[in-house]
Amino acid sequence: MLPLLTAKDIRKADAYTIKHEPISSIDLMERAAKAFVGWFINHFPDKKQAITVYCGTGNNGGDGLAIARMLNEHHYKKICVVVARFGKKSTADFDGNFERLITAGIPYTGINPGDKLPDDKGQIIIDALLGSGLNKPLAGDYARLVNHLNDLNKTVVAVDVPTGLFTDGDMPADALVLKAGLVITFQQPKLSFLLPESGPHINCWEAVNIGLSGEFIQSLNSPYQFIEEKDIRQLLRPRPRFSNKGTFGHALIIAGQPETMGAALLSASGCAHAGAGLTTACIPQSGLVALNTSQPEVMAIMRDGKKTPEMAWDKFSAIGIGPGLGKDKQALQLLGNTLKNYQKPMVIDADALNLLSANPKLWKKIPAGSILTPHMKEFDRLFGGHISWWSRIQTAIVRAAEYNINILLKNNYTIIATPGGRVYFNPTGNPAMATGGMGDVLTGILASLLAQQHPPEQACIIGAYIHGKAGDELALPSRMTVVMPGKLAQQLPVTIARLTL
Ligand SMILES: NC(=O)C1=CN([C@@H]2O[C@H](COP(=O)(O)OP(=O)(O)OC[C@H]3O[C@@H](n4cnc5c(N)ncnc54)[C@H](O)[C@@H]3O)[C@@H](O)[C@H]2O)[C@@H](O)CC1
Ligand SMILES: [K+]
């Protein structure tokens, strides 16, 4: 796991590294600039392109000055520096790098408050105006400059953080930010990069290691963690010899209405393909032929649309409930009976979540450790409206602890809040997966992992990861714009095998 730090903790990690490595702060800046330049050269190898580096007078600006000097040393021929001197103060490392810039003979222009903004003939803009030190929304001269640069429509490469983007905390939807084609960020992605509000401002980002103390970062025990492939490789277990279907549990998927049988089929398919020993689907009677035809591996319990069928609840090692279930009286009764009769962690999704938001008395019946898988709208229906994704995360942390549940909030980077206060961000997945039925497959995967005796927190981490990874394997090589959920379910055994090697 990669711990994700807030701006406040990043400052602490910088200070600790400077003191204990030890390294002077200007040398740490040098290291950061070098890491940036390494990436930049790979992406923009044409040394004849004109590049303008816009620098503030803080440490982000200091990075910019060092980057300009290094690019010059790498024989980039047309480097130009613009220093925005909008405040009275500058940092010592900015000043140190400014001297080095002058010594290297690199041309620069200064702009003061109210000055006319200079023309820019460059093809590429490097944004080193403001970084993680941002402490208020852009206004005045900074806003004027950023609007001007956005209007130029050039390729912008941001240093650490795009100017105007907060690294964490609530971000207003209309925040003014210098739009970046690429952000080369230091040490770790910033939390805001993982939230949808940053979508309009960042095309893509890359994190480069600048050697901040790993030991200190771990000791901060950040609640925010970024899942890495190596974590999944550790969690996925090879199937032991002498195993049989009983070894991998029996999952029950309670889903579907006559008109929404597809949701039940996709969920059952996700469950079986993710490795449950046995999968049973509790479906409406009219869906039996469809189930038997498309998935002979899956067993059925039929519902007559009136009352909950008799079930030997104890024989199921996990339950997933909700996809396509409907919100009528029978669906509510079925959810109520399931919660009454089943005490092990279960996966609650889709219509079951909507029923829960309409019937809050059901909350206290949810088994400890259960997994709720809302998308943004379902989340807000459950817990009230939110002004930002950051505030949604804070609510998820509180509610996960309060109800002793895991909340898997679907997002481009799916967010998992656990009862113990952890917040995991899943890195896999892509926009081709934004198709109806994708969430149904995820519910099946999660129920399957629970049935295979993964503890719920682990099931969430593995489930979100392999779901996204299977989608990536299908979509990315041929840049597919859409991945069908049914195809994704079929890809799962391949994805899992690759991660279990
Ligand atoms: N030693 C370190 O601490 C390192 C810092 N690094 C760089 O340092 C950056 C952070 O530097 P700083 O903390 O100096 O901060 P910034 O350079 O991001 O900002 C400079 C100053 O601008 C002011 N400011 C904030 N918001 C403003 C606004 N909306 N309008 C006008 N002024 C505003 C604040 O006083 C802030 O300290 C990182 O993003 C990174 O690029 C890297 O060099 C790595 C090492
Ligand atoms: K910046």
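For the residue classes used below, Ala, Val, Leu, Ile, Met, Phe, Trp, Tyr, Cys and Pro count as nonpolar, Asp, Glu, Lys and Arg as charged, and the others, Gly among them, as polar. The structure is a predicted model, in which local features need pLDDT of at least 70 and side-chain atom pairs count only at pLDDT 80 or more, whereas totals for chains, interfaces and linings use all residues. Residues are numbered from 1 along each chain as its sequence is written, and chains are lettered from A and ligands numbered from 1 in the order in which they are written.

By these classes, the shell of residues around ligand 1 divides into 11 nonpolar, 12 polar and four charged. A residue is taken as near the ligand if its C-beta atom, placed from the backbone, lies within 6 Å of it; of the 27 residues around ligand 1, those that come nearest are Gly 58, Asn 59, Asn 60, Gly 131 and Gly 133. Two or more residues of this shell are given by each of the elements α2 (25-43) and α3 (59-73), where helices (H or I, at least four residues) and strands (E, at least two) are DSSP runs numbered from the N terminus.

Over the whole chain, the secondary structure comes to 16 helices and 18 strands, and the C-alpha trace spans about 85 × 45 × 40 Å along its principal axes. Of the 501 residues, 48% are buried, a residue being buried if 20 or more other C-beta atoms lie within 10 Å of its own, exposed if 12 or fewer, and partly exposed in between, with C-beta atoms placed from the backbone. Two residues are in contact if their C-beta atoms, placed from the backbone, lie within 7 Å; among contacts between residues at least 6 apart in sequence, 75% join residues at least 24 apart.

The chain is divided into domain 1 (16-222) and domain 2 (246-500), with bounds that come from an automatic or database domain assignment. The contact between these domains takes eight residues from domain 1 and nine residues from domain 2, and the side of domain 1 that touches domain 2 is made up of four nonpolar, one polar and three charged residues. The C-alpha centres of domain 1 and domain 2 lie 42 Å apart.

A nonpolar core is defined as a set of buried Ala, Val, Leu, Ile, Met, Phe, Trp, Tyr and Cys residues joined through C-beta atoms within 7 Å. The largest such core has 150 residues, and those with the most contacts inside it are Val 53, Ile 67, Ile 126, Ile 253, Leu 446 and Ala 447. Helix α15 (residues 456-475) supplies the largest share of this core, 10 residues. Because domain 1 (16-222) and domain 2 (246-500) both give residues to this core, it lies between them. When residues up to four places away in sequence are not counted, Ala 447 touches Ala 251, Ile 253, Cys 271, Ala 318, Ile 319, Gly 320 and Val 347.

Helix α8 (residues 261-273) is mostly covered, with 13 of its 13 residues buried. The expected span of a helix is 1.5 Å times one less than its number of residues, so the 13 residues of α8 should span 18 Å, in agreement with the 18 Å between its end C-alpha atoms. Just after α8, Gly 275 takes a positive phi of about 110°.

Two buried residues illustrate contacts in separate parts of the chain. Thr 338, in helix α10 (residues 329-341), counts as buried with 23 C-beta neighbours inside 10 Å, and, leaving aside neighbours within four places in sequence, Thr 338 is in contact with Ile 254, Ile 319 and Ile 321. Ile 184, in strand β7, also counts as buried, with 23 C-beta neighbours inside 10 Å; not counting residues up to four places away in sequence, Ile 184 touches Phe 36, Trp 39, Phe 40, Val 157, Val 159, Glu 206 and Val 208.

Most residues other than glycine have a negative phi, and most peptide bonds are trans. The peptide bond from Glu 21 to Pro 22 is cis, with omega near -15°, and Pro 22 is placed in the loop between α1 (7-20) and α2. Asp 160, found in the loop between β6 (155-159) and β7 (180-186), has a positive phi near 70° and is buried, with 27 other C-beta atoms within 10 Å. Ala 350, placed in helix α11 (residues 350-358), has a positive phi near 50° and is likewise buried, with 25 other C-beta atoms within 10 Å.
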